[in-house]
Amino acid sequence: MNIYKIKRISTSSVIHIILGSVALTCVFPVFWMISSSLKTQDQIFTKMSLLPGSLLDIFNWKWGNYWEAFVKADFGYYFANSLFYTVVGVFFVILISSMAAYAFSRLEFHGKTFLFYLLIATLLIPIPGVFVPLYLLLKNLGLLDTRTGLLLCYISNGLAFAIFLLKGFFDELPREVEEAALIDGCSRFGIYWRIALPLAKPAIATLIIMNSLTIWNEFLLALVVLQDKAKMPIQRGLMVFQGTFITDYPLLMAGLTIATIPIVIVYLLMQKHIVKGIASGALKG
Amino acid sequence: MKITRKEKLGNFLFVVPALVLFLVFSLYPILRTFELSVFEWNGIDKHMTFVWFEQYKHILFNNPAFWKSMANAGIITLLALTLQNGLALILALLVTKNIKGENIYRTIFFLPPVLSGIVVGLIWKFVFDGNFGILNHFLVNIGFASFTDFAWLSEIKTALLSVGVVHMWKGFGYGFIILLAGLQTIPVELYEAAEVDGADAWQQFKNITFPLLIPIFTIVTILTILGSMQIFDLIYSMTRGGPAGHTHVPITKIYEYMSNGEFGYSTAMAVIFGMVLLVISGAQIYASKKLNYDR
């Protein structure tokens with residue numbers, strides 16, 4: 001073994017030690033959440049241990065916490081609500097933004113440039129505290145404390161970025177196919193629906209993931225808009241639970257895990273799209 | 001091909017849904033913020049009292065709690081800008097060093113940013129718990145007996161710093177991903193040429209990596225500032241602004257005034273805070289442009 005090789009191996013082990021310890025710091029709190037969700041209250045208060053019990057005893061860990069969290073602590077409802085908001089919200093964001101983006105990219109109409117820049121301006125200018133007038137608006141429309149009210153906020157929040165991203169995507173697509181279809185008598189809407197939209201799949205996939213994460217994790221608007229527990233998404237439900245049962249750590253941790261599992265699964269499966277979305281959002285902006 | 005009026009109208013229909021939602025739920029609330037900010041109003045009464053810029057004046061000159069909340073957010077932001085982004089850069093540079101397991105590290109580092117602020121806040125609140133938290137347990141076991149029941153989040157001295165650390169934990173992976181994407185756009189040939197010319201690692205960083213990364217740095221810096229100054233979920237789930245207002249930030253303040261029915265006052269605060277953010281990010285863009293031209 002020569003000096004050069006030794007030097008290279010030792011450098012790479014130092015790098016791995018640094019990266020590994022940061023990675024451990026990232027994972028540990030999540031591990032701790034899951035582990036604590038399988039303990040009894042008594043274990044939390046008296047015995048500090050990494051795992052809820054020995055690994056051989058894994059079936060005797062307190063899996064019942066999850067049943068209790070789902071049924072007794074209402075996390076089942078909250079979870080279903082979050083799923084509803086996410087699916088419906090993302091569907092409308094994609095539908096509405098892709099139509100608009102297609103028009104901005106391909107069609108002519110009055111005020112096109114002005115409208116597009118107006119839209120983009122709201123992406124660039126930081127506007128904190130719009131939840132105050134939004135609250136008043138929903139109140140006037142009779143939409144306060146309704147699912148529709150919260151959804152409308154979520155949908156309109158997602159539009160500007162989605163239109164921006166999709167317009168860029170449509171701009172890159174060749175126009176020949178669409179022109180041929182137009183000559184063959186296909187309507188403008190038909191072209192959008194049958195030709196442009198299917199071609200935009202990669203961009204739409206990215207947008208679906210990004211918007212799902214945003215809506216699933218959103219808290220502030222849910223806090224401002226909703227009072228009725230039956231309509232709350234899981235992030236809001238977690239705070240309600242935590243406020244009521246301050247020391248029931250195992251159930252709280254089970255609730256946190258329930259709120260996290262879909263996100264982690266989606267993240268692990270769709271990593272590439274998420275990274276692409278972040279990068280395109282940041283680098284183009 | 002001439003487009004008829006009717007066609008133009010038909011084309012316009014494509015943007016109508018987006019336009020209606022955007023105008024009603026995005027643009028109108030923004031304009032309404034400015035309108036409300038010059039009225040004293042509790043959100044219920046028919047009558048709104050027009051007070052000109054009285055509320056602005058009061059916030060700017062007679063509301064130390066607001067400035068305290070700005071300073072708190074400022075401290076969290078400074079921590080994020082220095083330690084968090086520094087770490088993000090170091091990690092991005094290390095990961096591009098052609099090591100094994102690059103993908104695994106990338107996956108793990110970006111895990112905290114995809115978790116929700118509420119989930120992260122509540123996990124860490126449990127970790128920081130004075131009596132049952134694992135942090136104190138660990139500290140006591142390695143010999144710091146004085147931490148037996150130290151309540152990190154209720155002590156004036158440590159509350160803000162603790163929240164700041166959690167914010168950095170949640171945020172560094174975000175900067176890391178963007179910086180990594182930026183690093184990967186730098187052509188390898190530049191480094192190969194530099195190596196041939198005998199440039200060492202530091203010279204390569206100083207003369208190739210750093211200058212080419214300036215635009216990316218600017219983006220990361222602006223995103224960090226905007227994200228950190230507008231922190232809310234973590235504060236709300238960990239301390240709710242306590243102990244005694246020592247972790248209040250502008251958004252929790254605005255929310256608090258709104259909850260107390262001071263709608264005009266809270267919107268005036270939102271406008272002032274928005275202006276501050278605008279100035280900071282504007283200054284940052286200007287500075288980096290200047291830096292770029294000077295080279």
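Residues are numbered from 1 along each chain as its sequence is written, while chains are lettered from A and ligands numbered from 1 in the order in which they are written. Since this is a predicted model, local features need pLDDT of at least 70 and side-chain atom pairs count only at pLDDT 80 or more, though totals for chains, interfaces and linings use all residues.

**View 1. Chain A is built from helices.** Chain A has 13 helices and zero strands; here helices (H or I, at least four residues) and strands (E, at least two) are DSSP runs, numbered from the N terminus. Its C-alpha atoms fill a box of roughly 75 × 70 × 35 Å along the principal axes. Of the 285 residues, 42% count as buried. A residue is buried if 20 or more other C-beta atoms, placed from the backbone, lie within 10 Å of its own, exposed if 12 or fewer, and partly exposed in between.

**View 2. Chain B has helices plus a pair of strands.** Count them up and you get 14 helices and two strands in chain B. Chain B is more spread out than a compact globule, because its radius of gyration of 24 Å is well over the 19 Å that the globule rule gives for 295 residues. The C-alpha box here is roughly 80 × 75 × 35 Å along the principal axes, and 41% of the 295 residues are buried.

**View 3. Chains A and B meet.** On this contact surface, 69 residues of chain A are in contact with 69 residues of chain B, contact being C-beta atoms, placed from the backbone, within 7 Å. On the chain A side, helix α13 (residues 249-284) gives the most, with 14 residues. Sorted by class, that side has 55 nonpolar, 12 polar and two charged residues. Ala, Val, Leu, Ile, Met, Phe, Trp, Tyr, Cys and Pro count as nonpolar, Asp, Glu, Lys and Arg as charged, and the others, Gly among them, as polar.

**View 4. Here is the largest nonpolar core.** It has 155 residues, and those with the most contacts inside it are Ala100(A), Leu159(A), Ile163(A), Phe176(B) and Met269(B). Such a core is a set of buried Ala, Val, Leu, Ile, Met, Phe, Trp, Tyr and Cys residues joined through C-beta atoms within 7 Å. Zoom in on Ala100(A): leaving aside neighbours within four places in sequence, it is in contact with Ile163(A), Phe14(B), Val15(B) and Ala18(B).

**View 5. Two aspartates of chain A have positive phi.** Asp74(A), not a glycine, has a phi of about 65° and sits in the loop between α3 (64-71) and α4 (75-106). With 19 C-beta neighbours inside 10 Å, Asp74(A) counts as partly exposed. For Asp145(A), phi is near 60°, and its place is in the loop between α6 (131-140) and α7 (147-172). Asp145(A) is partly exposed too, with 14 other C-beta atoms within 10 Å.

**View 6. Look for a cis peptide bond in chain B.** This bond joins Gly242(B) and Pro243(B), with omega about -10°. Pro243(B) belongs to the loop between α12 (233-238) and α13 (250-259) of chain B.

Definitions and conventions:
Two residues are in contact if their C-beta atoms, placed from the backbone, lie within 7 Å. The radius of gyration is taken over C-alpha atoms; the globule rule is 2.2 Å times the number of residues to the power 0.38.
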